[in-house]
Amino acid sequence: MTPQNLMLLPLSTPKLSIGCPILDHCLGGGIPCNSITELVGESGSGKTQLCLQLTVRAQLPPSHGGLGGSSIYIFTEFSFSFRRLQQLGNLYHASYPNLIGLEPLEDIYVRGVHDAEELINVLGDIEAFIAIDHTRLPVKLIVIDSIAALFRSQYQTTPADLKRRSEMFFNISATLKGLANKFGLAVVVTNQVVDFIGPHDGVNGVRLGNLESLNTSGRRVSPALGLAWAHCINSRVFLARHEQSIGVNIRNAPSTTICSQTHRTFHLLFAPHVAYASAEFVIRKEGLVGVSG
């Protein structure tokens, strides 16, 4: 690479805005293209909500924080949340009637997969699909929700199976990074958490991102799939939730009523050239929204 070639490179990587200045600030501007961003958290932490939110926002032009493109959403467990996606699509169309089409779901392509081998095959089909360029908007976002579900029962804990699993990790990540770089895509994958048993200084002395340990719902946890998968991603975001009991005085009630309140926190654990950051957030009808301290 010559100095002249370096001058031709873009000054910054395009980023997909979450739509919230507080959370975008944590990410250094948004979800970056040309790389893999992982959202990790327990069930109900907001991972799928954020993914759905991003698929609609991707359709906005770059001037409004989007990528001016369509999305491919690969789901691996449960049923796809079409109703929630339709709700988000209607809300964003109402907010941006001249920028998002009347039927935003027409620019979101959904596919279910059930194991890692099928995902590899689907990713090959996706490359051909993008190259044909027959979508209304160019594909600019790929979501896999969730990556951990593909490896939950397919592989055992024998040395041979662990080796095969690691090889599959690198195969999947290399394919995703190849697509991201070739077509200028943002790639977002979700991951689950497992209970963490061990010292507070991480796994064999290796810290979990920029935190010594991760906590959610009163549990110490770590991202599923281990260190081998951690080396396959570029950025990791941890979504934590904590239930807190509070007393509420209700008029004419004989005693204080105890209610449960959920506190959610967005942690950027690691990312290229971005320092650790965190912010509280809530989930509203329009998606994840940061809360100023």
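The following is a dialogue about a predicted model of one protein chain.

Visitor: What makes up the chain in terms of helices and strands, and how much of the chain counts as buried?

Guide: The protein chain has seven helices and 14 strands. Of its 293 residues, 46% count as buried. The accessible surface comes to about 14,600 Å², and carbon and sulfur atoms hold 54% of that.

Visitor: How do you know what share of the contacts joins residues 24 or more positions apart?

Guide: A contact needs heavy atoms within 4.5 Å. Among the contacts in the protein chain with a separation of 6 or more, 71% are between residues 24 or more positions apart.

Visitor: Why is Thr55 called buried?

Guide: Buried means under 20% relative accessible area. Thr55 has 0% relative accessibility, so Thr55 counts as buried. Thr55 is found in helix H3. Leaving out residues up to four places away in sequence, Thr55 touches Ser71, Tyr73, Leu85, Ile108, Leu141 and Val143.

Visitor: What makes H3 mostly covered?

Guide: Nine of the eleven residues of H3 are buried. They are Lys47, Leu50, Cys51, Leu52, Gln53, Leu54, Thr55, Val56 and Arg57.

Visitor: Why is Gln59 called buried, and where is Gln59 placed?

Guide: Gln59 is in the loop between H3 and S4. The cut-off for buried is under 20%. At 5% relative accessibility, Gln59 therefore counts as buried. Apart from residues up to four places away in sequence, Gln59 touches Gly68, Gly69, Leu99, Ile100, Pro104, Asp107, Ile108 and Leu137.

Visitor: What makes a group of residues a nonpolar core, and which members of the largest one touch the most others?

Guide: Members must be buried residues of the nonpolar kinds counted, joined through side-chain atoms within 4.5 Å. The largest nonpolar core has 39 residues, of which Leu23, Leu54, Leu141, Val188 and Phe266 touch the most other members. H3 gives the most to this core, with five residues. A second, separate core has 33 residues, including Ile36, Val122, Leu123 and Ile147. In soluble globular proteins, nonpolar side chains tend to be buried together.

Visitor: What makes up the lining of the second largest pocket?

Guide: A lining residue has an atom within 4 Å of a pocket point. There are 24 such residues, and Lys47, Thr48, Glu77, Phe78 and Asp145 lie nearest the centre of the pocket. By class, the lining has six nonpolar, twelve polar and six charged residues. Helix H3 (47-57) and strand S4 (70-75) each supply at least two residues. The largest share, four residues, comes from H3. The volume of this second largest pocket is about 440 Å³.

Visitor: How do you know that the bond between Asp145 and Ser146 is a cis peptide bond?

Guide: Omega of the bond joining Asp145 and Ser146 is about 5 degrees, and the bond is cis. Most peptide bonds are trans. Ser146 is in the loop between strand S6 (139-145) and helix H6 (159-183).

Visitor: What is phi of Asn34, and why is Asn34 called partly exposed?

Guide: Phi of Asn34 is near 65 degrees, a positive value in a residue other than glycine. Most residues other than glycine have a negative phi. Asn34 is found in the loop between strand S2 (31-32) and strand S3 (35-41). Asn34 has 30% relative accessibility, so Asn34 counts as partly exposed.

Visitor: Why is Ser217 called partly exposed?

Guide: Ser217 has 31% relative accessibility and therefore counts as partly exposed. Ser217 is in the loop between strand S9 (214-216) and strand S10 (219-223). Phi of Ser217 is near 50 degrees, a positive value in a residue other than glycine.

Visitor: Why is Pro272 called partly exposed rather than exposed?

Guide: Exposed means over 50%. Pro272 has 46% relative accessibility, so Pro272 counts as partly exposed. Pro272 is found in the loop between strand S12 (257-270) and strand S13 (277-284). Residues up to four places away in sequence aside, Pro272 touches Asn234 and Ser235.

Visitor: How far apart are Pro272 and Ser35 in sequence and in space?

Guide: Pro272 and Ser35 are 237 residues apart in sequence and 9.9 Å apart in space, C-alpha to C-alpha.

Note on methods. Residues numbered from 1 in each chain as written. Predicted model: local features only at pLDDT ≥ 70, side-chain atom pairs only at ≥ 80, totals over all residues. Heavy atoms only, no water. Buried < 20%, exposed > 50% of the residue type's maximum accessible area, 1.4 Å probe, protein only. Areas by Shrake-Rupley, 256 points an atom, 1.4 Å probe, with all protein chains shown as cover. 1 Å grid on protein atoms, 1.4 Å probe; cavity = no way out; pocket = protein on both sides within 12 Å on 5 of 7 lines; lining within 4 Å. Points joined across faces, edges and corners; volume = space filled by probe spheres on them. Nonpolar A, V, L, I, M, F, W, Y, C, P; charged D, E, K, R; others polar.
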